[in-house]
Amino acid sequence: MTDTAAAAPKKKLFLLDAFALIYRSHFAFSKNPRINSKGMNTGAVLGFTNTLVEVLQKEKPTHIGVCFDSAKKTFRHEQYAEYKAQRQAMPEDIGIALPYIKKIIEGFHIPILKMDGYEADDVIGTLAQKAEKEGFEVFMMTPDKDYCQLVTENIKIYRPAFMGNAAEILDVAHVLARFEIERVEQVIDILGLQGDASDNIPGIPGIGEKTAKTLIQKYGSVENLIANTDQLKGKQQENVRNFAEQGLMSKELATIHVNVPLDFEADKLVLDAPDEATLRELFEELEFRQLAARVLSGGGPQRTPAGVAAPGSKPTRRPKLVAGDQATLFGDAAVASGAEEGETGHYGAPSGPRKRLEDVPYQYHMMDTPELRKSLLSFLLQQTEVSFDTETTGLDIMTARLVGLSFCWLPGEAYYVPVPTEDPAAVQGIVEEFCPFFEAAHILKIGQNIKYDLTILRHYGVEVSGQLFDTMLAHYLIEPDMRHNMDVLAETYLHYSPVSITELIGPKGKKQKTMADIPPAEVKDYACEDADVTLQLKHVFEPMLRDLGLLGLLNDVENPLVPVLSSIEYEGVRIDSEAMTEYSAELQGYITELETQIFREAGQEFNIGSPKQLGEVLFDKMDIGKGKIKKTKTGQYATGEEILSQLATDNPIAALILEYRQLTKLRSTYVEALPQLVNEADGRVHTSFNQAVTATGRLSSTNPNLQNIPIRTEKGREIRKAFVPRDDQHVLLAADYSQVELRIMADFSGDATMIEAFRLGQDIHNSTASKVFKVPLDQVDSEMRRKAKTVNFGIIYGISAFGLAQRIGISRKEATEIIETYFQEFPSVKQFMDESINRARELEYAETLLKRRRYLRDINSRNATLRGYTERNAINAPIQGTAADIIKMAMINIYHWLREEKLQTRMILQVHDELVFDAVQEEVAYITPKIKELMTTALLLPRGVPLEVEVGTGRNWLQAH
DNA sequence: CCTGGGCG
DNA sequence: CGCCCAGG
């Protein structure tokens, strides 16, 4: 009442939640610790002070106070012994920072408020309400969402500013929208239901954010929910009933108590002029030169503008050319913030509409002069992890040209380096400027689908070194069967919609522009945003992966595999196009001949390739295959291989059609298609390996798919003759695991008979045949072996009698018998299969040797077909996935060995259990045993079943087998 | 069981 | 989009 602020229309009181702000500052800098020359980590002090200064300068409060939690136990501990029990001890760096922070607050002549037995939020809440009554506009400065319950018309939350942009002020409307509630008080009902892990508030089990909102929307309060427990269903009802007490207590714990016995003495909180001498001394000691310059009159070094403003760039801030006491290039206004926990990131609330670039504070900088690039590089080299992205003219790796590079190491602040695409020499020069960064072994490089960027850079002669972190692969391990493109990830995990590429270059089609057609100033935001979002995703995914126990798989397998695949794709496989053309003509000869024969048999000409026409000709007109006719789901005649081969014995036309199909398939899919994909510059095809599509962990290959080149039939194998070494000095070397999946099965099940067979190096299919058909090994004939082989594969696939019968062309009954005998002979295999299913039922996922998961949420389905299918997956996924784990490890080890030994042999293909190399002839003798060794020892199976690898070489891929 | 591509 | 078929 004593203050005479008649000039100000409204008195503005700021109450700072000190610990919350300090912790936030500390963790914001923890990835890029800021250490001064005395070795002190000054991140927390700097972040806090920046926040304070910013609010003083921007918001010009009339009154201000800083609240600390009291060191003593609070009434909440008496209420609930576990309260905040699991909260870790204060980091040492914060302990050291605290005295400095207190001195700085005193230097600003700002009172420190605390009350024994109460927490900062209680103190702030009490003071805020008292101040409101006295006509103040109150801002509670905190990142903590619990304060939302206190918001009124005159009491708001002030979320700390970010990177010098406007801070976020949360008013009543914000709070209601964010929690999807009607009254502000309901915040505590939400918090009481969902709990808060960081404060160890238990909540009610099974109720998270989503459910809490729905329930409160329906019932209004925790009390009313409990009163209406009978309206709930199933597990939820059970939980609410059993944990009603706990829910009420949680609500109580989440409630901020506004009755702290404390007087509001406005005159003590009046903002005063700072004690410049004290502050100067402190800033000096801490080496906060920028801050001193900004806060103290005439003190500290002046910021000198540097560089020329780029056309289109906002002339708001100019970079410093030397690395000073800030972690960012333009960091003089940097305020600690970030998305360390995903949910509290500046990209905002976990629900509600997706934010877009225009909704968030950001600073994206154009770095388009030699000086700016030099400055950027010097900052890059000081980082320990940087996210980067390349912008190119297209997605085709062989023809795409670089348009620009973006970099980001602090959320919200990124840098874009455009390159003059039309001047290749200049582009090369700029790319090379950044070599010291790309080749820095100590900097972790983060990217989304970083293989693409690596391959692009490889085309400019840059080999990226240092650890990699690919957010696409990170998410592939978290949710293997979801999509992993960046836009979806940003929406799901950051609640943010990035600028879409179509907004920039227009919709798909002829008129679509490329990135090179867009002015760099417009590409800048898009490019920077990509790097920024990727960095933030990394910060979300890393802790998730750690919790799931998948961080090792990512860091030891998936991420290190990226450069290996990039290299494989870059090298490519040489195709003998001439041989292909010749073979095409030869095939065409056969095909024409077959056509005339088929038309002769049918008595008419028709499109043999159309299942519809074919069905009509065969079954209506020719009226063949009585009793064997089947229809597909869509009502058409089935004309698949299975049907046709049954008809083939009596009807020559069926056999001809089968052969026709085979040959036309060979022609269209391989012989005609492959030469089209040969890169003219080097005569090779460059497939792309997708590392994040299969549910089991395998790779897949596209454009072209080099993992399904024919081998089983005579005419198909011919195609492999066109896969040749790069020149006369090279040969193709193929290294195959023999029966990896069966060996894994033997090992996992611990079946003594099977393990023995592998230990003795026996032919596993013969040995299985001998057991299943109960004949001595030397009496197994080729038919028995063939059947046994199918059974063995069936086992890996989680066998069904139905499937087996179809495969070997025997009756269901016979198949069932074979399976029964098999399980009698290999009881541990049966046991293993049962255990796999049971384990999957419990966990709802299956896992490989390296803990790779495949979620099997349908394994408890009541739909028997669906459940059966999922059960087979429960058996197959760990086996197929472990085989994938093994060969991935082998690839990484071989790649590094070849590099270390400076060998010229290159890995050029992976086909699930086979690696193909373009091998220098003189190196073959040296590398063969080593490749064998690295493949067989890539991963050791738990029970020690040995892996075996066969190596062959030749003038083409066929010979190499 | 796991894939990708061509065709109608 | 379903079918068919190439590979593992």
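Predicted model: local features only at pLDDT ≥ 70, side-chain atom pairs only at ≥ 80, totals over all residues.

Modeller: Residues are numbered from 1 along each chain as its sequence is written, chains are lettered from A and ligands numbered from 1 in the order in which they are written, and side-chain values use heavy atoms, with hydrogens and water left out.

Colleague: How far apart are the end C-alpha atoms of helix 32 (residues 782-796)?

Modeller: Helices here are DSSP runs of H or I with at least four residues, strands are runs of E with at least two, and both are numbered from the N terminus. The expected span is 1.5 Å times one less than the number of residues. Because helix 32 has 15 residues, it should span 21 Å, and the separation of its end C-alpha atoms agrees, at 21 Å.

Colleague: Which element gives the most residues to the surface near DNA strand B?

Modeller: A residue is near a strand if one of its heavy atoms lies within 4 Å of it. Helix 26, strand 19 (700-702) and helix 36 (864-900) each supply at least two residues of this surface. The most, 5 residues, come from helix 36.

Colleague: What percentage of the atoms of DNA strand B within 4 Å of the protein belong to sugar or phosphate?

Modeller: Among the polar contacts, a backbone atom of Asn703 is 3.0 Å from a phosphate oxygen of DNA strand B, and a side-chain atom of Gln880 is 3.2 Å from a sugar or linking oxygen. Bases make up the rest of the atoms within 4 Å, while the share of sugar or phosphate is 78%.

Colleague: Which residue has a polar side-chain atom 3.4 Å from a base nitrogen of DNA strand C?

Modeller: Arg712 places a backbone N or O atom 2.7 Å from a phosphate oxygen of DNA strand C, and the side chain of Tyr670 has an N or O atom 3.3 Å from a sugar or linking oxygen. The contact with a base nitrogen comes from Tyr797.

Key:
Polar contact = N/O pair within 3.5 Å; in protein donor to acceptor, adjacent residues only side chain to side chain.
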